[in-house]
Every structure is written in C-alpha cells, then in structure tokens.
Amino acid sequence: MLRLEKINGHNVWDILKLKVAENQRHFVASNDKSIIEAYTTITGNGYAFPFGIYEDNTPVGFLMIGFDTDDYWDDAPPVATGNYNLWRLMIDEKYQNKGYGREAVRLALDFIKTLPCGRSEYCWLSYEPENEVARRLYHSFGFEETGEKDCDELIAVLKLNLE
C-alpha cells in the first residue's frame, strides 16, 4: 500500500537516490534541490511539507506540498497567496507506470484536506507545457489550466471543497 512519510534524518539518503528517467529531467527539479528549497522555505518561516513516497518500505518517489509564498519568491503567481501548492512530484524511473503518481496525488490531496496551514480556496501546481503525462494526470483530478504561467510552466488549479 502506498503511503507518504515525512523526510527525516533516517530516510533522506534513500530519497536522494531516486531519479527520473533522463528524458524527464527537465520536467522536475532533483530531490536534493527540492529538499534544500523545503529547508530554506521552513527556516524563512514559510511552509513546505516534503515527503517520501513509499510502497510498503520501498521508497518509490518524492512529493512536496507548499502553502502561500515565502521570503525568496519574488515573482510568485497571484494564486500562490493563501493557497496550497503541489510543489513537486516525482516517481523514480524504476517504479513508473504502476499507478504510483496517481495514488501519490490522491495522498497529497488527502493531506491538504487535513488543513495543516488552515483553510484555503485552491490547490495549485505547475508543469512544463510539453509534459502531457502530467497534464492528463492532474486534469483527471479536476485541475484546470488558468492561462497563467509560473516562469515557463503552465499553472493549473483545483478548487478545494473543504466544507
């Protein structure tokens, strides 16, 4: 059964070993960069929730959720303010095409519904325009492109119904 586990001193080294396929590397930041971004966000009084994605005890991917904006993000899109963000999602190349990405998105949304940073209207994310796999995956959960961009990436939002 797939589960999320907070990144900690015991699992960080296994998560750092995970990699996407060579032809996917321009779609997602490396896990070391993501964990550094999480750390600097948290120490800057922002919100970042980095998780290892596990199938039983085997690490198969990495996921990170953010909330609001932080001190180094000078050009944050307007939707970032006061909303959750599916900041990163990667499944190691050895574990792709097994449904782990879809289940990880579901687990991420379940985590967001616990309201770790309080209520919010949206969950948003961004992806490279040529990443059709990501577009289809996120669209299947109800994420809709806004026409806006975060740098070169397309922004998609999901209205959270947390009533």
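Which residues of α3 are buried? Select the helix and look: Tyr100, Gly101, Ala104, Val105, Leu107, Ala108, Leu109, Phe111 and Ile112 are the buried ones, where buried means under 20% relative accessible area, exposed means over 50%, and partly exposed is in between (1.4 Å probe, protein chains only). Helices here are DSSP runs of H or I with at least four residues, strands are runs of E with at least two, and both are numbered from the N terminus.

Before moving on, some ground rules. This is a predicted model, in which local features need pLDDT of at least 70 and side-chain atom pairs count only at pLDDT 80 or more, while totals for chains, interfaces and linings use all residues. Residues are numbered from 1 along each chain as its sequence is written, and side-chain values use heavy atoms, with hydrogens and water left out.

**Stop 1: the whole chain**

Zoom out. The C-alpha trace spans about 35 × 35 × 30 Å along its principal axes. The radius of gyration is 15 Å, which agrees with the value near 15 Å for a compact globule of 163 residues; it is taken over C-alpha atoms, and the globule rule is 2.2 Å times the number of residues to the power 0.38.

Now colour by burial: 46% of the 163 residues count as buried. Of the contacts (heavy atoms within 4.5 Å) with a separation of 6 or more, 66% join residues 24 or more positions apart.

**Stop 2: back to α3**

Select residues 100–112. This helix has 13 residues and reaches 18 Å from its first C-alpha to its last, close to the 18 Å expected at 1.5 Å a residue; the expected span is 1.5 Å times one less than the number of residues.

Within α3, pick Arg102. Its relative accessible area is 43%, so Arg102 is partly exposed. Show its surroundings: apart from neighbours within four places in sequence, Arg102 is in contact with Leu137, Ser140 and Phe141.

**Stop 3: two positive phi angles**

Step back to the loop between β4 (84–91) and α3 and click Asn97. Its phi is positive, about 65°, although Asn97 is not a glycine. Asn97 is exposed, because its relative accessible area is 82%.

Next, go to Asp56 in the loop between β2 (47–55) and β3 (58–67). Asp56 is another non-glycine with positive phi, near 55°. At 48% relative accessibility, Asp56 counts as partly exposed.

**Stop 4: a loop residue, Asn83**

Select Asn83, in the loop between β3 and β4. Is Asn83 buried or exposed? Buried, since its relative accessibility is 8%. Leaving out residues up to four places away in sequence, Asn83 touches Gly66, Phe67, Asp68, Ser120, Glu121, Tyr122 and Trp124. Asn83 and Gly66 are 17 residues apart in sequence and 8.5 Å apart in space, C-alpha to C-alpha.

**Stop 5: Lys17**

Last one: find Lys17 in the loop between α1 (12–16) and α2 (31–43). With a relative accessible area of 59%, Lys17 is exposed. Draw a line to Tyr95, 78 residues away along the chain: the C-alpha atoms of Lys17 and Tyr95 are separated by 13 Å.
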